[in-house]
Amino acid sequence: MTIPSSREACLVLDAADPLAGLRARFHLPAGQVYLDGNSLGVLPRATPDRLARVIREEWGEGLIASWNSPTPGSAAGAGWVDAPLRVGERLAPLLGAGPGQVAVADSTSVNLYKLLAMALSLRPERRVILSEADNFPTDLYIAQGLIAQLGGRHELRLLPAGASSADYAAALDAEVAVLMLSHVSYRSGAMHDLRSLSAAAHAAGALTLWDLAHSAGAVPLALDADGADFAVGCGYKYLNGGPGAPAFLYVARRWQGQATSPLSGWFGHAQPFAFEPDYRPAPDIAQALCGTPPILGLSALEVGIEQFEGVDLAQLRAKSLALGELCIGLVESRLAGQGFSLASPREAARRGSQVCWRHPEAWPICQALIARGVVGDFRAPDILRFGFTPLYLRHVDVWDAVEQLDQVMTSGEWRQARFQARSKVT
Ligand SMILES: *Cc1c(COP(=O)(O)O)cnc(C)c1O
């Protein structure tokens, strides 16, 4: 890609963008360039009305009848009880998953716990969880907690950040039960080859558990075709499901009925409303559910997922990469000598939908940028992270963001005391 040399050239690219119309589906705060959709996605315009209807009509009027689907001849019933699997079915195409393998429930952390335990139970003679030192901390914490709970017999073995597919293939020995990785690194945006690593894991007799928090809704996925065994991911990032939206989980059909969730709550029972004293696992994906689904959160997430319907995922990927290339090209040409080094893979095919820069003063620079209306984020210790959400970002937004970054650096305003203090959420 040749990098546009002016703001006008970016506007020309936007005018020719086949996805440009999607931007109107979202509420974007005025005067902001929001490059943090990978941390908290924006509000779809349809969400407030949908939630108001769920609250006023389904909850306010329908009350308990809303749990069931409407029966013929009855107006009552909103189908709440089916929402975890119904929303999972709507999400499945974005994951490249056939029917009956995706559910929406709990948080990513909790889903990791459930699915990691299930995967380990399928390889009882093996004792190693293979992962990456730079994996998202909750993934490592969950593995550590589960290991302690299982009596300390297992080991979490970590390869350094940036380890290659060949490094993983070499580390997949006969002790490895599960390869547990983030498909796209939250920190660098580096993307693993899900297909070849799944094949390498299987060749070694291990299973795979993929964290798709920074993949779902941002990069094309083909979980079935690529041979994934288990996967989890967030609803509130690229899926625009709202703060704390329920997460999703994928259990390949071949493992359903083979392993049982350690959180054997009643929603995973074969017949929750039979109220039997003994747990009897559901034979299908419902077994991975635990308790009563959070209907308000699920309703908002469903609207977020609807925004992808009819969107060509190849076009989405092409635009995400074009925005990333534009950011790299502009920062490297306009901010050369200002101390930024690319922390994401330069090769587009190995990048998710974000571009990260390493800079020793990343924290105050990020704060100064936010004060100018360009919202990226900081990841300790020295990463400035820009998420490019192709559904609603334009080339001109990237241009404007780099222009503001240029001004922050040349003015030196990031040195001001007000940009130095750290907040609790970064
Ligand atoms: C954001 C993120 C999470 C967050 O997990 P929660 O349980 O939703 O807090 C987990 N894993 C990865 C890779 C993430 O990027």
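The model is predicted, so local features need pLDDT of at least 70 and side-chain atom pairs count only at pLDDT 80 or more, while totals for chains, interfaces and linings use all residues. Residues are numbered from 1 along each chain as its sequence is written, and side-chain values use heavy atoms, with hydrogens and water left out.

**Ligand site**

- The ligand is surrounded by 14 residues, of which the closest are Ser 109, Asp 211, His 214, Tyr 236 and Lys 237; a residue is counted here if one of its heavy atoms lies within 4 Å of the ligand.
- By class, this shell has five nonpolar, six polar and three charged residues, where Ala, Val, Leu, Ile, Met, Phe, Trp, Tyr, Cys and Pro count as nonpolar, Asp, Glu, Lys and Arg as charged, and the others, Gly among them, as polar.
- Oxygen atoms of the ligand lie 2.6 Å from a polar side-chain atom of Ser 109 and 2.7 Å from an N or O atom in the side chain of Tyr 236, and a nitrogen atom of the ligand lies 3.1 Å from a polar side-chain atom of Asp 139; a polar contact is a pair of N or O atoms within 3.5 Å.
- Taken alone the ligand exposes 390 Å², and the protein buries 86% of that, with accessible areas taken from the Shrake-Rupley method with a 1.4 Å probe.
- Two or more residues of the shell around the ligand come from each of the elements α4 (108-121) and α5 (137-149); helices (H or I, at least four residues) and strands (E, at least two) are DSSP runs numbered from the N terminus.

- The largest pocket has a volume of about 480 Å³, a pocket being an open set of points on a 1 Å grid over the protein atoms alone, with protein on both sides within 12 Å along at least five of seven lines, and its lining residues having an atom within 4 Å of a point.
- Of the 24 residues that line the largest pocket, Ser 39, Asp 377, Arg 379, Val 425 and Thr 426 are the closest to its centre.
- The elements α11 (362-371) and β14 (377-379) each give two or more residues to this lining, and α11 gives the most, with four residues.
- The second largest pocket holds about 340 Å³ of space, and of its 22 lining residues the closest to its centre are Gly 162, Ala 163, Ala 190, His 192 and Arg 350.

**Cavities**

- Three cavities of 30 Å³ or more are found in a search of the whole structure, a cavity being a set of grid points where a 1.4 Å probe fits but cannot get out.
- The largest cavity, with a volume of about 60 Å³, is lined by residues including Arg 23, Leu 28, Tyr 392 and Asp 397, and its lining has five nonpolar, one polar and two charged residues.
- The second largest cavity contains about 40 Å³ of space, and Met 118, Val 251 and Asp 284 are among the residues that line this cavity.

**Aromatic pair**

- A search of the whole structure finds eight aromatic pairs, in which rings of Phe, Tyr and Trp (its six-membered ring) have centres within 6.5 Å, and planes under 30 degrees apart count as stacked, over 60 as edge-to-face and the rest as tilted.
- Phe 26 and Tyr 392 form a tilted pair, 5.3 Å centre to centre with 55° between the planes.
- Phe 26 lies in strand β1 (residues 26-27) and Tyr 392 in the loop between β15 (383-387) and α12 (395-411), so this pair ties together parts that are 366 residues apart in sequence.

Key. Points joined across faces, edges and corners; volume = space filled by probe spheres on them. Polar contact = N/O pair within 3.5 Å; in protein donor to acceptor, adjacent residues only side chain to side chain.
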